[in-house]
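Here is a short briefing on one protein chain, taken from a predicted model. Please keep the sequence and the structure open as you read.

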Amino acid sequence: MKLEELYQKIGGDLKNVMKRIPNEAMIGKFVRKYANDPTYNRLTAAVEAKNWKDAFIAAHTLKGVAQNLGFDRLQKSASALTEAVRGAVPLTDESLFEEVCKDQKEIVEAIEKLD
Amino acid sequence: MSLKEKILIADDSEMNQMLLEEILSDKYEYVMAKDGTEAVDILEKNDDIDLVMLDINMPKMDGFGVLEVMNLRHWISEVPVIIISSENDVDFIRRSYDLGASDYISRPFDLTVVRRRVENTLMLYARQKRLVRLVEEQVYEREKTNNTMINILSHVIEYRNNESGQHILHVRMMTGTLLHRLIEITDKYPLTETDISMIVSISALHDIGKISVPKAILNKPGKLDPEEWEIMKNHAAIGDAMLYDLGTQQAETLMNLAHEICRWHHERWDGRGYPDGLKGDEIPISAQVVAMADVYDALTSERCYKKSFDHATAIKMITNGECGAFNPLLIQCLLDVQDQLFENMHTDPRRFDYRQEAKRLSDEMLEQKELMPNNRAHSLLTFEQKKAEFFAEQCGGIQFEFDHWTNTVHLKDWNAPVDQREKSMYLTEWNDVSLLSEKDWLAMREKLKATTPERPEVKMIVQIPVNGEYRWQRLTAKSLWTTKYKNYAGVLGRFEDIQDEMVRRGEDVLEKCSEYSVSHLLKDLSRVFEVVRLVDPKTNENLELDKDGKVITTPIHCYEIWGRNEPCENCISSRSLEGKEWVTKLEMRDRQMYFVLSKHINVNGRTCTLEIASHEDEAECTRCGGDNDAPTRSSLMNFYRDTLTGTYTRLYLESFQSNLESADAVAIVDVDLFKQINDTYGHPVGDEALKTIANTIRSGIRGSDTLIRYGGDEFLLIFSKIGEEVFYERLKQLRRAVQETKLPDYPEVKLDVSLGGVYRVHPLSEAIRQADLRMYENKAKHANGNHVACR
């Protein structure tokens with residue numbers, strides 16, 4: 001799969017990202033690195049342990065990373081989750097977390113298929 | 001050592017760290033932290049971090065926490081912080097700025113933006129750091145010098161006392177420590193770093209009075225008897241007295257401090273001290289602190305009359321009042337800093353590092369934005385200004401200075417009265433200054449534009465108005481350039497009045513005419529004047545120059561041009577022989593008045609007269625610009641013309657009286673109700689009225705008649721040849737014409753004149769007198785509403 005296709009698949013737009021970072025090679029490099037990024041794992045661990053403070057930080061960080069890389073769908077879901085647990089408020093709406101998981105899975109799978 | 005700037009990136013996402021590193025490329029060195037605590041740790045251990053890029057949301061300690069620590073430890077003023085966070089909430093941003101962040105870059109990262117912001121911030125801080133370092137160096141050097149001298153002094157003093165020489169240094173250190181703690185715990189004694197520094201320095205002098213105490217007493221091992229004790233106590237008062245011998249030339253603040261400390265460092269808070277028994281805060285804080293430092297050091301040192309006490313005992317003895325009585329605030333300070341004091345005791349005070357002090361002092365100076373004025377530079381500058389002023393005045397004329405950056409001109413006119421000499425104006429249009437004609441202005445501009453730093457001078461000859469008349473000036477100007485980059489900065493210039501020089505030159509030219517230049521002169525003049533010729537004044541023959549430039553006589557006589565068969569009565573050619581000046585007359589030809597100039601010149605050894613004639617007309621101004629020295633027709637005319645109405649002036653009447661004597665008729669014209677017009681409508685309108693009336697009259701007379709402005713609102717009409725009936729009829733017509741004329745802007749103003757005329761009365765002066773009387777008769781009749789013929 002080409003980088004452009006990947007972005008299309010996961011609900012992002014490579015062109016927009018390139019407006020900010022005009023270097024496709026650089027973007028590709030980081031997208032590939034994302035597969036090993038530990039932030040998502042930190043999030044799941046925190047949610048499982050019901051550590052809402054850590055969950056907030058992790059969700060917020062995840063949102064930032066997604067934003068930087070132009071993973072628009074993930075950014076949205078992560079953002080929603082962040083706001084839900086801001087101030088270490090316990091998560092009431094599980095679906096928000098599930099949404100994040102779904103988007104993350106999609107991205108990881110796509111990255112695996114990348115040339 | 002690496003020359004790259006070091007950037008600390010604090011972000012809990014490794015991804016972000018790498019992304020930033022990638023974006024900023026290998027232009028910089030990077031240190032990573034994954035939470036706030038790590039970041040602070042790194043800052044503590046590395047003092048060469050040039051920039052911190054800080055995320056807000058991090059575990060353990062967040063971005064705000066880091067900023068708070070940086071504030072506490074005063075790193076924030078050294079190291080810029082750029083917040084990188086995806087929080088776009090306005091409160092977050094504000095809080096970051098409040099905590100001293102330099103900038104805020106939001107996500108998602110834009111490559112160009114991130115790069116530029118980082119670059120700019122680093123550049124800004126680099127400069128600041130350099131400057132701060134400069135100031136610190138200066139202060140450091142100063143402090144070091146000060147303290148070296150004081151070290152020497154203290155050794156000299158204590159040499160006598162058989163003391164270790166450390167006493168003064170210990171007292172200094174302790175005074176400084178106590179004072180710094182004092183300002184931390186209370187606002188009661190407002191002291192700046194500079195004040196503290198001064199007190200600390202001067203504290204070294206507290207015992208100078210001991211010089212007056214005999215060595216025997218100073219070094220007596222046992223207790224002093226009452227007499228000896230009195231002498232000893234006196235060292236305080238004597239020290240103070242000694243300072244008075246220095247006179248009043250010294251720095252006042254320092255001297256005051258010296259007096260305070262010397263005299264009162266043995267006073268007690270309870271008033272039982274010496275020499276003056278001051279109580280409480282009557283004692284200046286400087287003396288209070290030095291007193292405590294003195295006591296402490298005395299307690300903890302070995303003296304000839306006692307053993308030393310240890311630190312803890314000394315503290316106890318002071319705090320429970322066993323040794324002197326002190327300000328409770330100072331007691332508190334002592335307790336607060338006791339550990340520090342203990343440490344200091346065991347450090348060699350000579351190794352005291354002034355860098356800390358220097359830094360504190362320079363920080364304070366920078367904050368107050370005060371730099372000690374460099375007195376020497378200032379007084380040099382004032383002196384130079386005085387010199388410049390003197391030479392400018394000697395130079396005289398009109399001087400100007402144009403500043404390119406502010407687009408302003410400063411004029412100094414030394415001809416004007418003192419309070420009107422200076423003028424500054426902002427130029428919006430190039431010729432706002434309205435000194436030069438358009439042509440001259442453009443020429444000057446062109447020449448200035450062509451100047452370079454190597455060839456900055458411009459010289460021109462121009463005419464400018466001075467006190468109502470145009471005079472020739474030599475304009476010398478020079479363009480100014482900045483020293484380093486040779487940027488255009490402005491123009492300096494001067495107008496030198498050369499009118500007299502020009503006139504003299506013109507005369508000299510004519511005096512020393514060689515044949516060659518004469519023919520050229522004649523040719524030039526012929527371009528401007530209708531009649532230009534050489535005349536032999538004795539024989540009245542016209543002279544010509546042949547092609548070799550020699551003078552030859554022609555059979556034509558000069559007076560023939562005027563239609564005469566014999567020399568003119570007022571022949572100016574012969575008159576011009578008498579004086580060297582230009583001589584003038586008027587002649588009639590073809591019903592036109594001619595204005596004739598003649599001057600005696602020497603051509604090829606032969607005396608001739610140069611005659612120039614031109615006829616008058618309603619000449620427009622053709623002024624010469626540039627380098628043409630010859631007078632033009634119109635400037636001659638203007639000499640005799642009144643600037644407002646364009647009629648001739650009384651000067652004309654006086655100059656040509658002989659011509660006008662033969663006139664047939666003379667009339668005086670007076671404008672009615674002129675004063676009322678001025679009062680009701682203002683002087684500009686009055687002027688308009690005069691102008692209009694003059695024009696009306698002028699259009700009603702012949703070319704051979706002369707209209708002269710005789711007074712403020714009076715005109716003189718001189719008719720050359722005219723019949724009597726026609727004359728009086730003409731006067732009536734003129735009056736009617738004036739009455740019918742209206743001012744375009746003020747149609748309601750009624751213009752009217754009173755005329756008085758006389759026919760064939762001689763001499764001219766008598767005619768004018770009688771005409772004047774007649775005019776007044778008629779004016780009176782007007783007032784009475786009678787419409788009478790002017791008779």
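Helix α4 (residues 90-98) of chain B lies across β4 and β5 of chain B. The helix runs at about 150° to β5(B).

**The parallel sheet and its helices**

- The sheet in chain B is open and has 5 strands, in the order β2-β1-β3-β4-β5, with parallel pairing.
- β2 (29-33) and β5 of chain B stand at the edges. Each has a single partner strand, so one side of each is left without a neighbour in the sheet.
- From one strand to the next, the twist averages 20°.
- Inside the sheet, β3(B) and strand β4 (residues 81-85) of chain B run parallel and are joined by 3 bridges.
- In this pairing, B:Val52 stands opposite B:Val81 in β4(B).
- A further helix, α2 (residues 36-45) of chain B, lies across β1 (6-10), β2 and β3 of chain B. Helix α2 runs at about 135° to β2(B).

**A buried strand, β20**

- How many of the 6 residues of strand β20 (residues 714-719) of chain B are buried? The count is 6 of the 6, so the strand is largely enclosed by the rest of the structure.
- In a regular strand, side chains alternate between the two faces of the sheet.
- In β20(B), both faces are covered. B:Glu714, B:Leu716 and B:Ile718 are buried on one side. B:Phe715, B:Leu717 and B:Phe719 are buried on the other.
- β18(B) pairs with β20(B) in the antiparallel sense, over 6 bridges. B:Ala665 has B:Phe719 as its bridge partner in β20(B).
- Strand β19 (residues 706-709) of chain B also pairs with β20(B) in the antiparallel sense, over 4 bridges. Here B:Leu716 in β20(B) is the bridge partner of B:Ile708.
- β19(B) and β20(B) are joined by a hairpin through 4 residues.

**Backbone points to check**

- Most residues other than glycine have a negative phi, and most peptide bonds are trans. The residues below depart from one or the other pattern.
- The peptide bond between B:Arg107 and B:Pro108 is cis, with omega about 5°. B:Pro108 sits in the loop between β5 (103-106) and α5 (111-161) of chain B.
- A cis bond also runs from B:Tyr274 to B:Pro275, with omega near 0°. B:Pro275 is in the loop between α10 (252-264) and α11 (285-300) of chain B.
- B:Lys60 is not a glycine, yet its phi is positive, near 65°. It lies in the loop between β3 (51-54) and α3 (63-72) of chain B.
- Is B:Lys60 buried or exposed? B:Lys60 is exposed, with a relative accessible area of 72%.
- B:Leu673 is likewise not a glycine and has a positive phi of about 55°. Its place is the loop between β18 (665-671) and α23 (674-681) of chain B.
- B:Leu673 counts as exposed because its relative accessibility is 54%, and the cut-off for exposed is over 50%.

**Chain B as a whole**

- Chain B has 26 helices and 21 strands.
- Of its 791 residues, 46% are buried.
- Take the contacts in chain B between residues at least 6 apart in sequence: 57% of them join residues at least 24 apart.
- The accessible surface of chain B is about 42,500 Å². Carbon and sulfur atoms account for 52% of that surface.

Technical notes: Residues numbered from 1 in each chain as written. Chains lettered and ligands numbered in written order. Predicted model: local features only at pLDDT ≥ 70, side-chain atom pairs only at ≥ 80, totals over all residues. Heavy atoms only, no water. Helix = DSSP H or I, 4+ residues; strand = E, 2+ residues; numbered from the N terminus. Buried < 20%, exposed > 50% of the residue type's maximum accessible area, 1.4 Å probe, protein only. Contact = heavy atoms within 4.5 Å. Areas by Shrake-Rupley, 256 points an atom, 1.4 Å probe, with all protein chains shown as cover. Pairing = 2+ DSSP bridges. Axes fitted to C-alpha atoms, helices over the stretch in contact; angles between N-to-C directions.
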